[in-house]
Amino acid sequence: MSTTARPVESTATAPDEPPARRRRPRAGVLLGAVALLVVAVAVVAVTSATDGQADRSAAVDRPPATATVTRQTLVDRETKNGELGYGTPRARESRLAGTVTWLAAGGATVKRGKALYRIDDEPVVLLYGSLPAYRMLRSGVSGTDVKQFEQNLAALGHTGFDVDEDFTSATADAVRDWQEDLGLPETGQVEPARIVYAPGEVRVESHGVEVGDTVGAGKVVLSTTGTARLVTCTLDVEDQRLARKGAKVTITLPDGTRSTGRVDTVETVVQTTAASGKDPETETKIEVTVTGDDPKVLAGYDKAAVDLGLIASERADVLSVPVAALLTLAEGGYGLQVVEDTGTRIVAVRTGLFADGRVEVSGEGVTAGLTVGMPGD
């Protein structure tokens, strides 16, 4: 590229000419400089704003709080109110008509072969068994009820007959001996009204009549319970998952003492309530009885309100996170926001047991110690 040489103009001033004036900057030059300054400021402002947005974007991308994926045993447990006592009382109705001449004392323990009460001074006796007495037993009768009665007769020390399902003349002879011991007419036949069957020895909970009262068939004479201390708890139907026979239970006594036990029985019951001026209402409930692993711990209370920790299910050695860490994915299912040094990412997870505010999770890349996002307040 060629350069065109231009003459160099002299800077000397002719002596006969007046001194030259300084030239003022042109208006166009000033406006250009101002424009450049404005542009520079704008570039700096835009750059600062862009950097701020990047910082805020990074902050928004990270959750306000985090939690850790933990390996543990999850237990679905709920605490319910229970009552320590001897279980639900069983009403014992008379099947005889007459005058009550004696009652076993309240709180007394009645064993096999002993009288629960006396009608017209003749005893009504406790025997062990699950089948109620429902017919007269005499020679020639056969059945499960015969065998149950003969087992009791033998346990009371009477002999000379075979314990089987047949009521023979030998059985009748043993019955006469038994009746003689009780002071009953020696008929050799067993009246069902003279027997009350229970699984074992019983405790007299309360009386329905007093000595001297006249009773008829169907009148409640007294109520009995078992003799072992246990806890009863009534659950709503929606809590039925907690009522698992054999499940482990924690028992907290009024003084704070803790013990353990197991669910012994589970029964569906119908409760009837009647408010003044309203028709009776019925409601289905689940009645649970719990036996203690150490009866001595429960022996200090005759009756008491206790807390029961009922376990519905248990999962050992599983990964879990707080329930609040779960995200609902647009495509369905759940996920977790994994937090790493370089940022965050979403991983899908499968859920299992929910318990104590945590949930069992599993999925590809989900391991113990992983940091996951939690929602803010």
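Two strands pair if DSSP finds at least two bridges between them. Strands (E, at least two residues) and helices (H or I, at least four) are DSSP runs, numbered from the N terminus. This is a predicted model: local features need pLDDT of at least 70, side-chain atom pairs count only at pLDDT 80 or more, and totals for chains, interfaces and linings use all residues. Residues are numbered from 1 along each chain as its sequence is written, and side-chain values use heavy atoms, with hydrogens and water left out.

β18 (residues 334-340) pairs with β19 (residues 343-355) in the antiparallel sense, over 7 bridges. The two strands form a hairpin with 2 residues between them. Glu340 stands opposite Gly343 in β19.

β19 also pairs with β20 (residues 358-362), again antiparallel, over 4 bridges. Phe354 has Val359 in β20 as its bridge partner. The hairpin of β19 and β20 has 2 residues between the strands, and Asp356 takes a positive phi near 55° there.

## Helix α2

α2 (residues 144-155) has 12 residues. From first C-alpha to last, the helix reaches 17 Å, close to the expected 16 Å. The expected span is 1.5 Å times one less than the number of residues. Just after α2, Gly157 takes a positive phi of about 100°.

Asp145, Val146, Gln148, Phe149, Glu150, Asn152 and Leu153 of α2 are buried. Buried means under 20% relative accessible area (1.4 Å probe, protein chains only). The cover over these residues includes β7 (122-128), α3 (169-182) and β8 (195-198).

How values were computed: Buried means under 20% relative accessible area, exposed over 50%, partly exposed in between (1.4 Å probe, protein chains only). Contact means heavy atoms within 4.5 Å.
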